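Welcome! Here are a few exercises to work through with the structure open beside you. Try each task before you read its solution.

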Amino acid sequence: MFLFFGTSFKEDTIREFTNVVCPVCGAMTMAALVYSYSYFHLFFIPLFRFSKRYTVRLGCCGAVFEATREQFEQMKNGAAPEFSSMTRADRGGGNGRRCPGCGADVDPRYAYCPFCGTKIM
């Protein structure tokens, strides 16, 4: 008898906010409220969730802020994101260069984004 079990990762975009001012780069952008978690499955049937995270991702510079469950519930019900009470979650990752046009990670040697052609400053 074969027993299929394991863990998987899932991300759900719960809500999108428009006309949000980015606290990192100061641009007017959109933000996505994202619920991510890992889950254990048996025969491809999810049994329980663990490692739950609530984040707000900004479209301009790719900054990610981690929210508490209470903040997540408030934003899910319509409240605007308040970045002053959230912690920045994306520090230390990547090479630190993002395209201001499309938000893609860009090699530090490039002067222009290879994905959209925007000049990198």
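Glu-73 and Arg-69 are 4 residues apart in helix H1, so about one helical turn separates them. Helices here are DSSP runs of H or I with at least four residues, strands are runs of E with at least two, and both are numbered from the N terminus. This is a predicted model, in which local features need pLDDT of at least 70 and side-chain atom pairs count only at pLDDT 80 or more, while totals for chains, interfaces and linings use all residues. Residues are numbered from 1 along each chain as its sequence is written, and side-chain values use heavy atoms, leaving out hydrogens and water.

**Exercise 1. Find what joins Glu-73 to Arg-69.**

Step 1. Look at the side chains: they form a salt bridge, with the closest N and O atoms 3.9 Å apart. The term means a side-chain nitrogen of Lys or Arg within 4 Å of a carboxyl oxygen of Asp or Glu.

Step 2. Check exposure, where buried is under 20% relative accessible area, exposed is over 50% and partly exposed is in between (1.4 Å probe, protein chains only). Glu-73 is partly exposed at 25%, and Arg-69 is partly exposed at 47%.

Step 3. Widen the view: salt bridges with shared partners join Arg-69, Glu-73 and Lys-76 into one network.

**Exercise 2. Work out the order of the strands in the open sheet.**

Step 1. Recall that strands of a sheet pair through backbone hydrogen bonds, either parallel or antiparallel. Pairing is counted when DSSP finds at least two bridges between two strands.

Step 2. Trace the 5 strands: the order is E1-E2-E3-E4-E5, with antiparallel pairing. The edges are E1 (5–21) and E5 (87–88), each pairing on one side only.

Step 3. Go through the pairs. E1 and E2 share 14 bridges, and Glu-11 has Ser-36 in E2 as its bridge partner. E2 and E3 are joined by 11 bridges, while E3 and E4 pair over 4 bridges.

Step 4. Inspect the hairpin of E2 and E3: 2 residues lie between the strands, and Phe-43 takes a positive phi near 55°.

**Exercise 3. Identify the salt-bridge partner of Glu-11.**

Step 1. The partner is Arg-57, at 2.7 Å from N to O.

Step 2. Arg-57 lies in strand E3 and Glu-11 in strand E1, so this pair ties together parts 46 residues apart in sequence.

**Exercise 4. Which residues have the most contacts inside the largest nonpolar core?**

Step 1. Use the rule: a nonpolar core is a set of buried Ala, Val, Leu, Ile, Met, Phe, Trp, Tyr and Cys residues joined through side-chain atoms within 4.5 Å.

Step 2. The largest core has 20 residues, and the most contacts belong to Val-56, Leu-58, Met-75, Phe-83 and Met-86. Its largest share, 5 residues, comes from E2.

Step 3. In E2, 11 of the 15 residues are buried, so this strand is largely enclosed by the rest of the structure.

**Exercise 5. Count the disulfides.**

Step 1. The cut-off is a pair of cysteine sulfur atoms within 2.5 Å.

Step 2. For Cys-60, the closest cysteine sulfur is in Cys-25, 3.4 Å away, which is too far for a bond. Cys-60 is buried, at 12% relative accessibility.

Step 3. The count comes to 0 disulfides.
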